[in-house]
Amino acid sequence: LSSHVPRSSFALTTEFFAPIIARVVETDAYAEAVAAIDGEGIHTADDIDRLCSQLKSLCHTLPLAQDQTTALSALASELPSDILLAVRSSAPEEDGAAASYAGAFETRLGVRPADLEEAARGCLASAFDARVLVYRREQRRRNQSSTTTTKKKPERESPLAFAAVVMEMVHPVRTAGVAFSANPLNSDRDEMVVDSSYGLGEGVVDGSVAADRYIYDKVAKKVVQTALGKKTEEKVMNVETGGVTAVPIGDGKRQMASSLTDRQVARLGELVQAVEDAYGMPMDVEFAFVGSVGNDGTDSDPAAAPEQLKLLQARPITTLHYLDEAIMTDPGQRRMLYYDYNVVSEATTTTPFSHLDNALYNRLASWMMGYKEASLFGGDPRMPIFMGETRQYANVSLLLRYSTPERIAKLSELLDPYLVSLFRGTDCDKAKYKMKKLPKGVNVRNSWKLIKAGRYMEQYKISKDIKKDPATKVELYKKSVQKAKAELKRLEARGVVPSEGIAAFAMEVIDVLDETLQIEVAAVMFAVIPLFNELDKKRRLGATDDVRSEFDALLAGYEGDELMELNIEMYRLAQTLGDDVWKEYGHDDLNELAARIQDNLNGTRKDLPLPFLDEWNIFMDRFSYDGQDQMFVSCPRYADSPELLLAKVRQNVGPTVADPSVTAKERLEKRKQVQELQLKRAEKKFFSSSAKKLKKRNEILDNLFWMRNAPKMHVAEVCGIIRKELLKIQTQFLEVGQIDEEGDIFHLDLEEIDQALADESFELRSKVLPRKAVYRQALLATECPLLIDSRCRILRPDPPAVDSSLPEGTLVGAAMSSGIARGKVRILEHPNERFEQGEVLAAVVTGPAWTPLFVGCSAVVLQIGGALQHGALCAREYGKPAVSNIDIHAQLKTGMLVEVDGNAGTVKILEEDQE
């Protein structure tokens, strides 16, 4: 690699810049800028830019120490006077594996040795640009997302470490650009992506040139896709005066010609692969072809210097998705395709599972399906279900042996329209992904044994019994639930029996729900879902608006749903506190309000309304187990993190928020009216059994549809009880030094915890540290793909067909809940992020923890979510327009004004303004 690096290269180290940085961060302007970016006080974007301009000015004017001046003088004296230099920013954060500041820091080209100091100062100043400070803050927030239960106020920003690389400018540069050793658009490890243009690469990096793009298959060693840009200028080095000059390209043919030949792309592929191998990770490389070369790839001028490929800069690609090593196949090996089902259903989350979350989820899911002694989830990625380190996957390649993408798409229509579009896309190629040979042990005989060992037939029989007389059976079920909840309360109060351990306690708690969960699963799987699917088809495909409206009404308005009851209680809680108290606290101050509530409950303060404190105790007694990711024992609950509850209760404050209990009654009345209307129509028909069928259908609607959230809510309660005991054990481990920090316990399994309880010398750190590293890497992921293959390629849907009849700026998705509303978009990754009333809630996917945000939002836009998924169900219950199958990160930005049409399934962008 050294032969490709320009001569006269050296670095100004972090120690060189540290004194200036230290003086800048001590200023009031820096403190105010950080506070403004953190959202403290009232600041505009112009305020932040003004403060950052002051910081940048200091970088240019603060005097250097004597040793710094001496070092620069010594370096300049060793360089030829006529040499031109490139000064490139290189910060540890920029060049690390966890963050990418590519394009944010400044690079100075064509610098003379005498101007080295000013160029270095200019590069340093770019580290205090507003966009850099904002990005650093966002990265810090992401890195703080972990399983820890610590509730600390965010610390002040740590100073930036900064360095600069100085190297000789190469000349003459024919073509330059950026190459990625893995495809940053879809994370495919076997594709190199190259952006290039004539002249220096500065125009490619800063986006001032419409660059050419090449996608190169590193296995097949060929260019598989080319997109040529219209290159109207090239940036060249001014050899006489230094600096860079933009030269117009007047020749239309040259503007649209390819800036690289296939031979050059292949040569670049070899170099980029060598860089990746040297660093042991995918890399982002800046390159330049120097010398004279013809379009046929041969030297056009025999007298000219031969073509050279120069390596100018390399940094890790931080935007790629990472998969478990166990799931990755070797380059060139046949690929496997996997479906992450916990995004759309089951856990309904994009959050990574900790090791303990994974182990407990495995145990719970296997137990619910009747496998108390066995596990359905193994570590072999060729099996039907694979339990990875932070997610679980279904093996689509195995399914494609017996089905087609189109058939799978049809089966997925109720689950999620986005998933349907993936299976129908050109990326989902059966010939490419179909498994050729079954794994050992996977056959019809063993599959039948597995089915017989489970509870499928038992659940089917339960469902048939329920459907005969739903009203009577549901009353018996409710009594069973009351009995189970009483037993859970008893076990929660008792806690872990020391002689038995946490693993036995967990199974004891889980077993309490055996009877109720089997009824719930049977009713939902064999009664609710089939009927829901039937009604939803008529909602989507009804012949008239009236027909579609009727069936839309049938899908909402159900009494007894514990999730809706939870949110009605939140509304009551909000109303009893009083607006004057809420006005004292912003979104980031709710931990202070939580402390005040606790002081009032303890009697050390008496400045909150007694009705509120009574409502608070009632709520916590019933719902303290709830939290962000209900199926995760690692995720905080209201019991241990009450500020999470307050953030959601706060959404119910204000005159524009409708009482959810009133909304629920209105939806219930509307559903009942439609049921009666349809029944009267059926009864008018002679010699027809339709009236009898409708009566049976209505019995299921009235008595069973409210149970759809019950299994998840009850499992969440179990997880909350287990978490409570784990936190006690965690405190014990911390006190004796068996683990290092809060959250470490969630990187162990229950049996390991029991071993450590029995023996303090049992080594835990060797188990915690590697698992925690994998988990933290997973937390950095920018998306959670539904379909991904074993070379980490994220499958994408085909671009939607353009409908010329729609106004410009209209995004077409899938209608989930009727109505039309306008509002400013707020894209959220987690339900505890800042959200204001009247905004349009935009998320990849939502689960029960998101429900309070539906109260005050104007509309809902989702990337993932079918008619039976939480987002659609909740939007209908609250009467909010909802559209899914919109790529929210690619097509929307926070701050955009949009109109959401839940009838047509469209989102119209009205104003492009963004935050």
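The model you are looking at is a predicted one.

**Around aspartate 195**

- Aspartate 195 has a relative accessible area of 14%, and because buried means under 20%, this residue counts as buried.
- Beyond the neighbours within four places in sequence, aspartate 195 touches Ala176, Gly177, Val178, Val204, Ala211, Asp212, Arg213 and Phe287.
- Arginine 708 sits 513 residues away from aspartate 195 along the chain, and the C-alpha atoms of the two are separated by 50 Å.

**The six-stranded sheet**

- Strand β6 belongs to an open sheet of 6 strands, ordered β8-β7-β6-β5-β11-β12, with antiparallel pairing.
- At the edges stand β8 (222-227) and β12 (308-316); each has a single partner strand, so one side of each has no neighbour in the sheet.
- On average, neighbouring strands of this sheet are turned by 20° against each other, direction ignored.
- Within the sheet, β5 (residues 173-180) and β11 (residues 283-290) pair in the antiparallel sense over 7 bridges.
- Alanine 179 stands opposite valine 285 in β11.
- Helix α9 (residues 262-279) lies across β5, β6, β7, β8, β11 and β12, and runs at about 140° to β11.

**The four-stranded sheet**

- Another open sheet has 4 strands in the order β14-β15-β13-β16, again with antiparallel pairing.
- Its edge strands are β14 (385-387) and β16 (787-789), each of which pairs on one side only.
- From one strand to the next, the twist averages 35°.
- Strand β13 (residues 337-339) runs antiparallel to β16, and 3 bridges join the two.
- Tyrosine 338 has isoleucine 788 as its bridge partner in β16.

**Strand β19 and its partners**

- Strand β19 (residues 820-827) is joined to β23 (residues 897-901) by 5 bridges, and these two strands run antiparallel.
- Glycine 823 has valine 898 as its bridge partner in β23.
- With β20 (residues 840-843), β19 runs parallel, joined by 3 bridges.
- Isoleucine 827 stands opposite alanine 842 in β20.

**Nonpolar cores**

- In soluble globular proteins, nonpolar side chains tend to be buried together.
- The largest nonpolar core here has 88 residues, and those with the most contacts inside it are Tyr339, Leu726, Ile753, Leu786, Leu787, Leu892 and Val898.
- Helix α28 gives the largest share of this core, 9 residues.
- Apart from this core lies another one of 45 residues, including Ile21, Leu51, Val87 and Val132.
- Leucine 786, leaving aside neighbours within four places in sequence, is in contact with residues including Tyr338, Tyr339, Asp340, Val343, Leu422 and Ile864.

**Two helix pairs**

- Helix α17 (residues 470-494) packs with helix α28 (residues 710-736) at an angle of about 10°, with the axes 11 Å apart.
- That angle makes α17 roughly parallel to α28.
- Among the residues making this contact are Tyr477, Val481 and Leu488 of α17, and His714, Val718 and Ile721 of α28.
- By type, the residues in the contact of α17 with α28 are 6 nonpolar, 1 polar and 5 charged.
- Helices α16 (residues 456-468) and α19 (residues 514-541) cross at roughly 80°, and their axes come within 8 Å.
- The two helices α16 and α19 are therefore roughly perpendicular to each other.
- Their contact includes Tyr460, Ile462 and Ile466 of α16, together with Val521, Ala522 and Phe526 of α19.
- The residues in the contact of α16 with α19 divide into 10 nonpolar, 3 polar and 1 charged.

**Backbone spots to look up**

- Histidine 171 and proline 172 are joined by a cis peptide bond, with omega about -5°.
- Proline 172 is in the loop between β4 (163-168) and β5.
- Cysteine 792 has a phi near 70°, a positive value in a residue other than glycine.
- Cysteine 792 lies in the loop between β16 and β17 (810-812), and at 0% relative accessibility cysteine 792 counts as buried.
- Asparagine 885 also is not a glycine, yet its phi is positive, at about 65°.
- The loop between β22 (882-884) and α33 (888-891) holds asparagine 885.

Technical notes. Residues numbered from 1 in each chain as written. Heavy atoms only, no water. Axes fitted to C-alpha atoms, helices over the stretch in contact; angles between N-to-C directions. Parallel < 35°, antiparallel > 145°, perpendicular 65-115°, else oblique. Contact = heavy atoms within 4.5 Å. Nonpolar A, V, L, I, M, F, W, Y, C, P; charged D, E, K, R; others polar. Core = buried A, V, L, I, M, F, W, Y, C linked by side-chain atoms within 4.5 Å. Buried < 20%, exposed > 50% of the residue type's maximum accessible area, 1.4 Å probe, protein only. Pairing = 2+ DSSP bridges.
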